[in-house]
Each structure stands twice: as C-alpha cells, then as structure tokens.
Amino acid sequence: MLKTLRLLLPLYVVLLVGGLVLLTALFALPTTQGMRRHAAESARQIHAEGLWCQPLGCFLLQTDNMTDAWMMNMCICADTDHPLQAVMRMEHVVLPDSLHLPDYRYRDALLHHAAVTPRAELAPMHGYPRYWHGYQVVLRPLLYVMNYKQMRLWHYGWLSVLLAAALWLLHRRLGTAYAATLGLALLCFGAVFVPQTFQCSTCFYLALGGLCAVLGWRRTEVSATCRIGLFFTLGALTAFADFLTTPLLTLALPLVACIALGIGHGMQPVRSIVQLSASWGGGYALMWSAKWPLAQVITGDGVIENALGQAAKRMGYTIVYGGHEMPLRHLIARLWQQPAVQIAVIVVAASLLLALTWGLLWCRRHRAVVRQHGWLLLVGLMPLLWFLVLLNHSVQHIFYTWRTWLPALWCLLLFAWHARQASRTAHTAGSEA
C-alpha cells in the first residue's frame with residue numbers, strides 16, 4: 001500500500017503540474033492571423049456541412065461539428081496576454097442575451113465572428129472553467145497550420161496508425177482472435193466515422209494508446225504497482241483531455257488486454273478489475289476535481305459550485321427535449337405513444353429476454369468456461385454501470401455516448417470465442433477417449 005502511494009502521489013503531481021504548465025505555455029503563444037484564417041475557413045466548412053451531419057443518414061453516426069466549433073471558439077478567444085487566466089476561464093464568444101436564442105444552434109457563426117473580430121471587440125463572452133480542455137494541447141498547434149477538414153485527415157492518419165499498432169500487438173501477444181474481435185467491435189460501433197469529430201477522437205487516442213502501452217511492455221510479468229500507475233495515468237489523462245464523450249473506453253480496452261496477459265502469470269482477474277478500475281477512477285476524479293479549486297482561486301468565479309451542480313445534473317433523471325427540461329419518464333411516455341416505438345421496444349425486449357435466458361442456461365451447462373473466462377462478462381457490464389450513474393448525460397448525448405458499449409461487444413465476442421474453443425477441446429478429448 002505504501003509503495004503504491006509513494007508512486008501515485010508524485011505521479012499525480014507530475015501529471016497535474018505538467019498539464020497546467022503545458023496548457024499555459026500554449027496559451028501564451030499569440031493568436032496569429034493564420035490561426036484566425038484557418039478558424040474562419042473551419043467555420044465556413046462546418047456551416048456548409050451542418051452542425052449535426054449524419055453520415056449514411058444514421059443518427060448514431062452523427063458528427064458533433066457544433067462542439068468542435070465551440071472548442072475552436074475557445075482557442076481563438078484566448079487572452080494570450082494572461083495565459084493562466086485564459087486556461088482557467090476558457091472564454092468563448094456567445095450571443096447577446098437580448099436575442100433570446102440558444103447559442104448551440106449558432107456555433108459556426110460564433111466561430112466565424114470570433115475569427116474575424118479582434119478580441120478586444122468581442123462581447124459578450126462566457127467561460128467554461130469546469131473542464132481542463134486538455135484537447136487544446138493538440139487543437140491549438142493544429143489550428144496554426146490547418147483548417148477543420150485538414151484536421152480530419154490528420155486524425156484519420158494518426159488514429160489509423162494507432163489502430164494498426166494495437167491490432168498487430170494484440171495479434172502478436174494474445175492471438176488473432178483478440179485482434180479480430182476488437183476490429184469487428186470497432187466496425188459495429190462506427191469507429192470509421194470517429195475521426196470526423198475532434199472531440200470524439202480523444203478517448204480513442206487514449207484507449208488505443210493505452211492498449212499499445214499494455215501490450216508493448218517488454219517484460220513478461222509487470223508488477224502490480226506499475227499496472228496501477230499506468231491505469232492511474234490513463235484516468236488522469238482522460239479527465240484532462242476529454243469532454244466526457246466515451247471515457248470508459250480508456251479503462252476497459254487496456255483492462256481486457258492487461259488481464260488477458262496476466263492470467264498466465266498468476267493474476268487474479270476479479271481482484272485486478274477492482275484494483276485497476278479504482279486506480280483509473282482515482283486518477284480521473286483527482287485530475288478533474290483539481291481544476292475546480294484552482295480555477296476558483298485564480299479567477300474568483302464560483303467554479304466549484306457550478307461544477308458540483310453540473311455533476312448532479314448529469315447524474316440526474318431529467319433530460320432536455322424540444323428545448324424543455326423534463327423527467328426522463330415523461331420523455332419515455334411521450335415516445336411510447338408512437339406505434340413504431342412500441343413495436344421496436346417489444347421486439348428488442350423479447351430478443352434480450354430470449355438471449356438472457358439462453359445465456360443463463362448455457363452458463364449453467366458450461367460452468368468451467370464461466371469460471372475461467374467470466375471476468376470478460378464483468379468488464380462487459382461496465383458500460384451498463386456507467387450509463388446508470390451518468391443517466392442524464394448518457395441519454396442526452398446518445399449519438400456519441402452509445403460507443404461506450406463497445407467494450408461490452410468486444411468482451412462478449414471474446415467470451416463466445418473462448419467458449420467455442422473449450423467446446424472444441426472437450427469434443428476432441430471425447431473423440432480420442
């Protein structure tokens with residue numbers, strides 16, 4: 001315990017101070033005319049495509065150009081004469097209250113306005129201090145040299161490299177089945193469209209990077225302390241860089257690989273799931289919550305109260321629909337009045353009930369397989385727990401939070417493969433006997 005604390009405390013300080021210094025240094029760089037030109041080009045590109053473009057006409061593949069425009073707005077509006085204040089406040093230009101219009105519907109126009117107007121003339125501006133906005137470490141340098149569409153190509157290139165590395169390492173260290181099932185899960189969850197949205201790419205970078213870190217470790221047996229430190233770092237980096245999109249990916253994907261590698265060296269799966277999840281969660285919570293008192297002290301704004309209020313809302317049971325906030329049960333009742341929804345719910349519920357019944361009967365007959373590989377089912381349940389805890393946020397932003405279920409599919413496919421292998425082995429042994 002003491003050995004772990006001796007590792008995590010300095011690691012936390014390094015991550016916290018390093019992130020703050022890096023962001024402050026980047027926001028001390030001037031906002032050049034080239035950056036403004038690229039931001040204006042990006043605003044026009046987003047306007048032409050739409051704030052919520054739907055590739056293949058599918059809602060679940062919808063891009064979030066609106067949030068990407070917002071992120072660039074904060075980058076352009078940074079007060080580079082006071083970089084620490086800029087990092088703490090993360091100001092962005094908004095519509096005047098007198099217009100009585102929702103800002104989120106005009107993010108493209110607001111970005112263009114911020115790009116072509118000197119900062120001193122921008123008004124009104126609001127802050128968004130409860131996040132670290134660590135994605136700016138990548139976004140701000142990119143905006144110096146490229147526009148939005150060029151950034152997408154950049155993301156496609158680097159994510160493809162990371163994905164290829166992760167799949168190759170999975171194949172080499174754990175076998176083709178692990179690589180093939182992850183590739184299939186990524187395809188099913190529309191990962192090919194993820195690089196089109198900047199904010200949704202962040203967790204995929206961290207998840208695939210975490211996979212490569214776990215699989216690329218040269219030592220056959222990695223100490224428990226090192227594993228805890230790695231997952232603590234992944235949690236902290238996720239809180240630093242992500243906009244609460246699909247953070248669970250950065251835990252679950254490396255966790256599956258870590259346990260699969262360690263089982264042959266005496267690792268206890270259930271204990272490791274609890275231990276490493278707690279480490280990831282500790283890094284995530286400590287990094288994120290550190291921003292609130294820092295921002296409140298430096299800016300004098302009520303950041304802590306705002307952050308806690310938003311946290312309670314995101315874990316609540318209300319949702320904004322049609323511009324009005326309502327309990328989730330009212331939305332369900334409204335949707336239930338549509339015959340197509342009733343049919344879909346009945347079909348899905350019946351299918352799930354049949355699948356669950358068959359699964360329970362199968363597990364009862366193959367208890368040895370469950371005892372050996374049941375830890376995969378535990379990891380696969382993590383998205384359900386995440387959705388239950390963050391119900392408001394998960395449902396409100398379902399068009400990207402649905403990818404949180406990707407680890408569940410990967411784990412289910414892996415469990416089915418292991419079960420098939422066990423059946424073949426048993427059949428072969430029976431035939432030889």
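In this predicted model, the structure holds one cavity of 30 Å³ or more. The largest cavity has a volume of about 40 Å³, and the residues that line the largest cavity are Leu 61, Gln 62, Thr 63, Phe 193, Val 194, Thr 197, Cys 200 and Arg 403. Sorted by class, this lining of the largest cavity consists of four nonpolar residues, three polar residues and one charged residue.

From the cavity we can turn to a pocket. The second largest pocket has a volume of about 910 Å³, and 22 residues line the second largest pocket, those closest to its centre being Ala 355, Leu 356, Gly 359, Leu 377 and Leu 412. At least two lining residues of the second largest pocket come from each of helix 15 (339–365), helix 17 (375–380) and helix 21 (406–432), and the helix that gives the most to this lining is helix 15, with eight residues. The lining of the second largest pocket is made up of 20 nonpolar residues and two polar residues, with no charged residues.

Tyr 178 is found in helix 8, which covers residues 176–188, and Tyr 178 counts as buried because its relative accessibility is 6%, where buried means under 20%. Once its neighbours within four places in sequence are left aside, Tyr 178 is in contact with Leu 170, Val 256, Ala 260, Trp 410, Leu 414 and His 418. As for distances along the chain and through space, Tyr 178 and Leu 208 are 30 residues apart in sequence, while their C-alpha atoms are 14 Å apart.

Ala 185 also lies in helix 8, and Ala 185 is buried, with a relative accessible area of 0%. Not counting residues up to four places away in sequence, Ala 185 touches Leu 406, Leu 409, Trp 410 and Leu 413, and Trp 410 is also one of the residues in contact with Tyr 178. Although Ala 185 and Cys 411 are 226 residues apart in sequence, they are 9.4 Å apart in space, C-alpha to C-alpha.

On the side of helix 10, the residues that make the contact include Ala 224, Arg 227, Ile 228, Phe 231 and Phe 232, and on the side of helix 12 they include Gln 275, Leu 276, Ser 279, Trp 280 and Gly 282. By class, the contact of helix 10 with helix 12 has 14 nonpolar residues, six polar residues and one charged residue.

Notes: Residues numbered from 1 in each chain as written. Predicted model: local features only at pLDDT ≥ 70, side-chain atom pairs only at ≥ 80, totals over all residues. Heavy atoms only, no water. 1 Å grid on protein atoms, 1.4 Å probe; cavity = no way out; pocket = protein on both sides within 12 Å on 5 of 7 lines; lining within 4 Å. Points joined across faces, edges and corners; volume = space filled by probe spheres on them. Helix = DSSP H or I, 4+ residues; strand = E, 2+ residues; numbered from the N terminus. Nonpolar A, V, L, I, M, F, W, Y, C, P; charged D, E, K, R; others polar. Buried < 20%, exposed > 50% of the residue type's maximum accessible area, 1.4 Å probe, protein only. Contact = heavy atoms within 4.5 Å.
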